Amino acid sequence: MAQLPPDATAANRLGFDYALEANRLGPPKAGIIDVHTHLRDPDAVAVFAQAAEQFGVQEVWSMSPLEQLNDIRSVLGDKVQFIAQPNFRSDDLLDAMGEGYLRRIQEFHQAGARLVKFWAAPRAIDLAEDAGQRDLMDLDGPLRQAQMQLACELGMGIMTHVGDPDTWFQTVYADRDRYGTKEDHYAPLERSLERYPTPWIAAHMGGWPERLDLLDGLLERHSNLHLDTSATKWMVRELSRHPTPVLTEFLTRWKGRILFGSDIVVQGDHLRADSEETGRAIQATNREEAFELYASRYFALRSLFESDYVGESPIADPDLNRIDPQRYGPMDAPMLKGHQLPAELLETIYRNAAADWRDKVDAFSSIQASS
Ligand SMILES: [Zn+2]
């Protein structure tokens with residue numbers, strides 16, 4: 001591993017000047033639409049807006065708290081679209097994930113949202129059990145099915161998070177009786193894709209960037225399925241590993257069905273040194289660090305797709321340490337290999353696929369309205 005500078009942080013372990021790196025990359029082949037972000041708190045969103053602008057991101061789709069949509073719009077104007085999400089911070093998770101989410105989907109729809117998120121990572125099993133209803137967040141469960149039905153009736157698309165990195169199934173989800181195998185999580189997804197034929201986005205390369213062959217199968221079987229490239233550390237680690245011709249061929253085969261996403265999380269406590277985050281590493285404590293945190297994601301993803309960068313990722317990846325604590329420390333990082341994708345493919349991933357996706361939702365919604 002590289003010798004790190006003394007002021008190395010998890011988002012900038014190599015001491016880059018991300019504003020300079022943005023200039024070096026130059027404008028992207030097409031103004032980027034980032035279809036997967038989590039923006040909250042307008043003061044932090046203003047810092048994010050600088051990073052987005054420098055890296056050529058012209059529009060973002062965000063899972064934001066319903067209560068903050070207007071505040072966030074006041075910073076980003078028409079550059080932000082919202083994705084309906086449940087109130088994860090509710091004291092009453094049973095309601096927030098159940099009846100409460102039905103109401104919230106309607107409210108998001110009224111506020112212009114075209115997409116509904118259903119988070120079904122394996123950890124949802126733990127949350128659901130704590131809330132006292134084991135099938136609370138199952139994609140196949142009665143609550144989720146009613147919510148998907150509503151999304152279709154409202155002419156909205158669906159975004160899901162199924163699976164998690166293979167590294168997590170080897171570690172945090174090693175208890176097979178409890179979490180099942182990674183494969184087990186895909187049967188409910190496939191049934192739901194059949195049942196609700198609205199356009200879907202399965203986040204984080206469908207949860208399986210490690211296995212392009214399995215993604216081929218999913219995309220072949222479900223013409224309404226799309227993937228986003230979000231979760232930067234995971235994508236950098238796994239997509240760098242594929243030989244360039246293999247990844248290029250995959251992305252070309254599914255051109256128009258892979259959308260750019262970052263999964264950048266933006267929140268006010270990134271700006272404060274006194275933030276008391278429970279159980280999570282503090283990612284940033286002032287504006288400068290917050291800028292680096294957000295910029296690092298766009299730098300890494302753009303470098304992965306369009307540059308000839310070959311070297312350690314500037315972002316620490318704690319999964320390496322999780323898998324092999326003898327070999328890796330928490331500040332270590334995997335190789336980032338730039339794949340120099342062809343210009344036309346970049347244009348589609350960065351922008352056109354998201355623009356077309358919107359047309360597909362419009363087409364679906366007009367079929368719904370006339371039936
Ligand atoms: Zn996300």
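**Core, sheet and helices**

Modeller: In the largest nonpolar core, which has 96 residues, Phe48, Val116 and Tyr294 touch the most other members. A nonpolar core is a set of buried Ala, Val, Leu, Ile, Met, Phe, Trp, Tyr and Cys residues joined through C-beta atoms within 7 Å. A residue is buried with 20 or more other C-beta atoms within 10 Å of its own, exposed with 12 or fewer, and partly exposed in between, the C-beta atoms being placed from the backbone. Helix H15 (residues 287–306) gives this core its largest share, 11 residues.

Biologist: What kind of model is it, and how is the numbering done?

Modeller: This is a predicted model, where local features need pLDDT of at least 70, side-chain atom pairs count only at pLDDT 80 or more, and totals for chains, interfaces and linings use all residues. Residues are numbered from 1 along each chain as its sequence is written. Helices (H or I, at least four residues) and strands (E, at least two) are DSSP runs, numbered from the N terminus.

Biologist: Back to Tyr294, what does it touch?

Modeller: Leaving out residues up to four places away in sequence, Tyr294 touches Val47, Phe48, Ala51, Ile264 and Val266. Contact means C-beta atoms, placed from the backbone, within 7 Å.

Biologist: OK, the sheet. What's the strand order?

Modeller: The order is S8-S7-S6-S5-S4-S3-S2-S1-S9, an open sheet of 9 strands with parallel pairing. Two strands pair if DSSP finds at least two bridges between them.

Biologist: Which strands stand at the edges?

Modeller: Strand S8 (258–259) and strand S9 (264–266) do, each with a single partner strand, so one side of each has no neighbour in the sheet. S8 runs parallel to strand S7 (residues 225–228), joined by 2 bridges. Asp228 is opposite Leu259 in S8.

Biologist: Now H5. Which of its residues are buried?

Modeller: Tyr101, Arg104, Ile105 and Phe108 are buried in H5. Seen down the helix axis, the buried residues fall within an arc of 110° (taken from the directions from the axis to the C-beta atoms), so they line one face of H5.

Biologist: And what covers them?

Modeller: The cover includes strand S3 (80–84), helix H4 (93–97), strand S4 (115–120) and helix H7 (142–153). On the face turned away from the buried side, H5 carries the exposed residues Arg103, Glu107 and Gln110. Just after H5, Gly112 has a positive phi of about 100°.

Biologist: Last one: where is Glu190?

Modeller: Glu190 is in helix H10 (residues 186–195). Glu190 is partly exposed, with 16 other C-beta atoms within 10 Å. Beyond its neighbours within four places in sequence, Glu190 is in contact with Arg221 and His222.

Technical notes
Two residues are in contact if their C-beta atoms, placed from the backbone, lie within 7 Å.
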